[in-house]
Amino acid sequence: MSSLQRTYQEDANIQKKRWIILIVLNLFTFMSTLDGSIVNIALPVLSKQMGLPIAQIEWVTTGYLMAICAVILFFGKLGDIAGKIRIFKIGTIIFIIGSLLCGFSTTLPFLIVSRVIQALGASMTMANSQGILTDIFPANERGRALGLIGTFVSLGSIAGPSLGGIIISSLGWEYIFWVNVPIGLIAIIMGWKVLPADLIRVKAKIDMPGSSLFAVFIITLFAGLLLGQQTGYGNVWILLSLAVALVALVVFLRTEAVRKDALLDLSLFKNPLFSISILCGFLVFTANFCFNIIAPFYAQNMLNLSPFAAGFLLMLFPICMVIVAPISGALSDKIGSELLTFAGLVVMVIAQFGLAWLHEGSSLVLVGLWIAMLGIGSGLFQSPNNSLVMSQVPRTQLGSAGSVNSLVRNVGMVVGITVATTILFHVMSLRAGQRVTGLVPGHPDIFLSGMHAVFSTSACICLAAAVLTGWRMYRAKAEKRREVKA
């Protein structure tokens, strides 16, 4: 590592600009995470215009998430080596180019390639934004700042269906991509003016064997999980894909354990607070994406709302999160993070079980209440949890830690989609007496049975995270009592 003559926190000029820097980071955080979910509501339109079945069009969403997950650790490590701010800046330009190309796509292959370009830029910004923020903000403001960036992460991830519905109804599907261009250009201009030069760089080599093995693991795992929903998990090619993923993961972990300049420093996970916080973050994103994929179908097909009205109903989630998360982040600086994460998880458990009891005739007030509670719980949880994750690592590993945090978030999204649709279709097929992969006309009860099973599962996922957090709090208090007695 290069010698540090001063830090960003000692530079008065940078400290004056720190909140503007946060705005730049948040703009790209929001857009890159939004683009992981906003396309979902456009899939029926794209399917009709391109004359392709939903099963093929789904790759527009999953291809983007797969690409991010495959390379995000690489770009986090590259940020530690070449400079987090430099990699972030390059990522912003690539993301805007990808967004522009997506809107001009007329065929599925061109659109998927454009989405992969977009994903490469998104992963460069995602992997390094939290590390930049942790470097620049002093410890007594870090919780609030990470809380705000966590807010925009979650907001972008969850707001997709609602914002997408409004944009498509008003302008057309191309604009869900093109809207990134003017916003992104403004953020780039601001970023080049206010972002400082990199101070911290690590002298290390790029871990190409680890990077390649991890990419193989992600691609074969996600391809196997997603294609398995369509063809069944007994298919020999699906089983082969999942077997390759398992082998790649085992070889990757063995390689990283002995490699000097490893892509993923496994010593990070020796810290139980870091590991449990990362695991809880993964579980929450998995649960939230169960909601994200099921709720639009319930709102439009069971409550008979228009896409526009459904979008506004679902907006309760991100609106509540936007209000609560900054408050939670600021509170975490004063009272600590663990109690807030636990409270958020408990609220989420209650909301998820509430969603599991909804039916065809549920009132909009009740539906809105559970959606709002889910947003409040997520807002309480996300900011303090991000603060816990990033406060546990040395400055030289902030890029790697930030990329791990972003990775589990994106893996959680894909796993949430996979868990939700697999459970939904399985329960619906059992009720229908035949294989079902879509809504059965005239039988809302079949969909509702599947939905109840999905939300009950997501509630249990949140409950597991709450139990882990409660156990961690109990252990921490027990250790303090022992120290006092000693």
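## Ground rules

Residues are numbered from 1 along each chain as its sequence is written, and side-chain values use heavy atoms, without hydrogens or water. Because the model is predicted, local features need pLDDT of at least 70 and side-chain atom pairs count only at pLDDT 80 or more, while totals for chains, interfaces and linings use all residues.

Where does helix 14 bend? The bend, about 35 degrees, is at Ile294, and Pro296 follows within four residues (a bend is the angle between axes fitted to the seven residues ending at a residue and the seven starting there). Helix 14 is largely enclosed by the rest of the structure, because 24 of its 31 residues are buried (under 20% relative accessible area, with exposed over 50% and partly exposed in between, using a 1.4 Å probe and protein chains only).

In helix 11 (residues 180-194), the buried residues are Asn180, Val181, Gly184, Ala187, Ile188, Gly191 and Val194. They cover an arc of only 165 degrees around the axis, so they lie on the same side of helix 11 (the arc is that of the directions from the helix axis to the C-beta atoms). The face turned away from this buried side carries the exposed residues Ile186, Ile189 and Lys193.

Conventions: Helix = DSSP H or I, 4+ residues; strand = E, 2+ residues; numbered from the N terminus. Expected span 1.5 Å × (residues − 1).
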